[in-house]
Amino acid sequence: MSTSDVKPVEQGMHTVTPHIICAGAADAIEFYKKAFGAVELMRMPGPDGKLWHASIRIGDSMIMLADEFPDWQSFGPAALKGTPVTLHLAVDDVDARFKRAVEAGATVKMEVAEMFWGDRYGQVEDPFGVVTG
């Protein structure tokens, strides 16, 4: 395969794809399935059982995941005491999705409300430290 045959954006991907690092990536995948209806696309465990790489799809968007690997300076939100990144999830029924996420184990960061820009919006933090709004 020559470089001219390689697509700049793989099929099914977008120009920017979040890649989440967290302690317990396999558990995070199960949480995202319950909370947001994620579909697991693949996982690549290492010999120690930690996930080197995995990917899920929520709606039309892919998210990649991996476990923490401190020896490689790869840390998740819990180890870093937070994250400046928020995943923005656009859905038809914000209230139902918010409730589903809380029932799956997310913590409410901001209750759902009408925002000045016209959307209903709220934020939850998942058990792995990732904030979704």
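In the hairpin of strand 7 and strand 8, G129 takes a positive phi near 95°, and 5 residues sit between the strands. I take helices (H or I, at least four residues) and strands (E, at least two) as DSSP runs, numbered from the N terminus. Two strands pair for me if DSSP finds at least two bridges between them. Strand 8 covers residues 131–132 and pairs with strand 7 in the antiparallel sense over 2 bridges. I found V124 standing opposite T132 of strand 8.

Next I looked at the hairpin of strand 6 and strand 7, which has 5 residues between its strands. G118 in that turn has a positive phi of about 105°. Strand 6 is residues 107–114, strand 7 is residues 120–125, and their antiparallel pairing runs over 5 bridges. I looked up two partners in strand 7: V108 has V124 as its bridge partner, and M110 has Q123.

**Ground rules**

For the record, residues are numbered from 1 along each chain as its sequence is written, and side-chain values use heavy atoms, with hydrogens and water left out. As this is a predicted model, local features need pLDDT of at least 70 and side-chain atom pairs count only at pLDDT 80 or more, while totals for chains, interfaces and linings use all residues.

**Overall layout**

I listed 3 helices and 8 strands for the protein. From the N terminus on, the elements go β-α-β-β-β-α-β-α-β-β-β. The C-alpha atoms fill a box of roughly 50 × 35 × 25 Å along the principal axes. Of the 133 residues, 35% count as buried; my cut-offs are under 20% relative accessible area for buried and over 50% for exposed, with partly exposed in between (1.4 Å probe, protein chains only).

Among contacts with a separation of 6 or more, 48% are between residues 24 or more positions apart.

I then traced an open sheet of 4 strands, ordered 1-4-3-2, with mixed pairing. Its edge strands are strand 1 (19–22) and strand 2 (39–45), each pairing on one side only. The twist averages 20° from one strand to the next. Strand 2 and strand 3 (residues 51–58) run antiparallel and are joined by 6 bridges. V39 has R57 of strand 3 as its bridge partner.

Helix 1 (residues 25–36) lies across strand 1, strand 2, strand 3 and strand 4 (61–67). I get about 5° between helix 1 and strand 3, with axes fitted to C-alpha atoms (for helices over the stretch in contact) and angles from 0 to 180 degrees between N-to-C directions.

In the loop between strand 2 and strand 3 I noted P47. P47 counts as exposed because its relative accessible area is 79%. P47 and A113 are 66 residues apart in sequence and 45 Å apart in space, C-alpha to C-alpha.

**Core and rings**

What is in the largest nonpolar core? I count a core as buried Ala, Val, Leu, Ile, Met, Phe, Trp, Tyr and Cys residues joined through side-chain atoms within 4.5 Å. The largest one has 24 residues, and I20, F31, Y32, F36, I56, I63 and L65 have the most contacts inside it. Strand 1, helix 1, strand 3, strand 4 and helix 3 (94–103) each give two or more residues to this core. Helix 1 supplies the largest share, 7 residues.

Leaving out residues up to four places away in sequence, F36 touches F31, I58, L89, R97, R100, A101, V124 and T132.

I found 7 aromatic pairs. Rings of Phe, Tyr and Trp (its six-membered ring) pair if their centres lie within 6.5 Å; planes under 30 degrees apart are stacked, over 60 edge-to-face, the rest tilted. F31 and F36 are edge-to-face because their planes stand at 90°, with ring centres 6.1 Å apart. Both F31 and F36 are buried. F69 and W72 are stacked, 4.8 Å centre to centre with 25° between the planes. F69 is buried at 10% relative accessibility, whereas W72 is exposed at 60%. Last entry: F31, Y32, F36 and F128 form one aromatic cluster.

Conventions: Contact means heavy atoms within 4.5 Å.
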